[in-house]
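Visitor: I would like a close look at one residue and then at what else is worth noting around the chain. Please start with the residue and go on from there.

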Amino acid sequence: MTTAAVVTAAGSGTRLGADVPKALVHIEGRALVAWAVSRVLQIADAVVVTAPASHLDAFREAVDGAARVVAGGATRQESVAAGLTALALDDDDVVLIHDAARAFQDLSVMAATVRAVEAGADGAVPVVPVTDTLVAAPAADGGLGAPLDRATLRAVQTPQTFRGRVALDAHRSTGVDATDDASLARELGYRIVAVDGHEWGFKVTRPSDLILAAAIAPQVEAS
Ligand code: C5P
């Protein structure tokens, strides 16, 4: 049994406004994908990175042999499926599926997801409380949407970690459409548990996130 990981990095990152794919943007002198891979490698024995097909060489250079790089797909779901195929998982392996955009996730969170699966869960996902007041989207006339009770809600982070057979089954199943891996597996009836996430597990998405990333990178490096 091994612990392996897919680092998804095939997104374009249009919301970031960079002229390269998001995962190639440098934070404190290292590409985001290199940060993600080096951290995941402290938990997993083997890592596959899914990259935009147009930039495979640049990603291979960025990870410098630390991970295999394969082409992702048009959606995150397709990219993860490509990564899982490349890993050639055994049913009993444990696999972390991690967004390169969450490169700074705390290692104890990653380890907690693995422990939960080793303890018998089919999958484990980090979640954090929601800090904003939330309402439904505005009506067509601009009217404010109804309030949502944030105490009942959580924001989902990565890594989302599964037994190999569970990840493979979730991504093999057609007709299930979900924006994350745990929702796919949960939809199929697998027991997915939540573990506490961490503020470092935020997703680098918008330009101001780069400032936050640069500010916390030295602390992350030292942790
Ligand atoms: O678009 P979003 O920020 O939600 O993407 C989450 C993660 O999924 C990112 O790390 C991104 O690189 C990855 N992704 C991917 N393939 C896609 C789209 C997104 O690997 N086609």
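Visitor: Is Asp99 buried or exposed, and at what relative accessibility?

Guide: Asp99 counts as buried because its relative accessibility is 9%; buried means under 20% relative accessible area, exposed over 50%, and partly exposed in between, with a 1.4 Å probe and protein chains only. The model is predicted, so local features need pLDDT of at least 70 and side-chain atom pairs count only at pLDDT 80 or more, while totals for chains, interfaces and linings use all residues. Residues are numbered from 1 along each chain as its sequence is written, and side-chain values use heavy atoms, with hydrogens and water left out.

Asp99 belongs to strand β6, residues 94-99. Strands here are DSSP runs of E with at least two residues, helices are runs of H or I with at least four, and both are numbered from the N terminus. The side chain of Asp99 has a polar contact, at 3.0 Å, with the side chain of Arg76. A polar contact is a pair of N or O atoms within 3.5 Å; within protein, one must be able to donate a hydrogen and the other to accept it, and residues adjacent in sequence count only if both atoms are side-chain atoms.

Burial is also found in helix α1, residues 32-40: eight of its nine residues are buried, so the helix is largely enclosed by the rest of the structure. Among the buried residues of α1 are Trp35 and Arg39.

Other residues lie on the accessible side. Ala194, in strand β12 (residues 192-196), is exposed because its relative accessibility is 56%. From Ala194 to Arg102 the separation is 92 residues in sequence and 17 Å in space, C-alpha to C-alpha. Ser12 sits in the loop between β1 (3-8) and β2 and is partly exposed, because its relative accessibility is 49%. Ser12 and Ala23, eleven residues apart in sequence, have C-alpha atoms 8.5 Å apart.

Some loops have backbone features to check. Asp64, in the loop between α2 (56-63) and β5 (68-71), has a positive phi near 50° although the residue is not glycine. Asp64 is exposed, because its relative accessibility is 67%. Glu28, placed between β2 (26-27) and β3 (30-31), likewise has a positive phi near 50° in a residue other than glycine. The peptide bond joining Thr158 and Pro159 is cis, with omega about 10°; Pro159 is in the loop between β10 (154-156) and β11 (160-163).

A polar backbone atom of Thr8 is 2.8 Å from a ligand oxygen, and a backbone N or O atom of Ala10 is 3.0 Å from an oxygen atom of the ligand. On its own the ligand has 460 Å² of accessible area, of which the protein covers 81%; the areas come from the Shrake-Rupley method with a 1.4 Å probe, and for residues only the protein chains shown count as cover.
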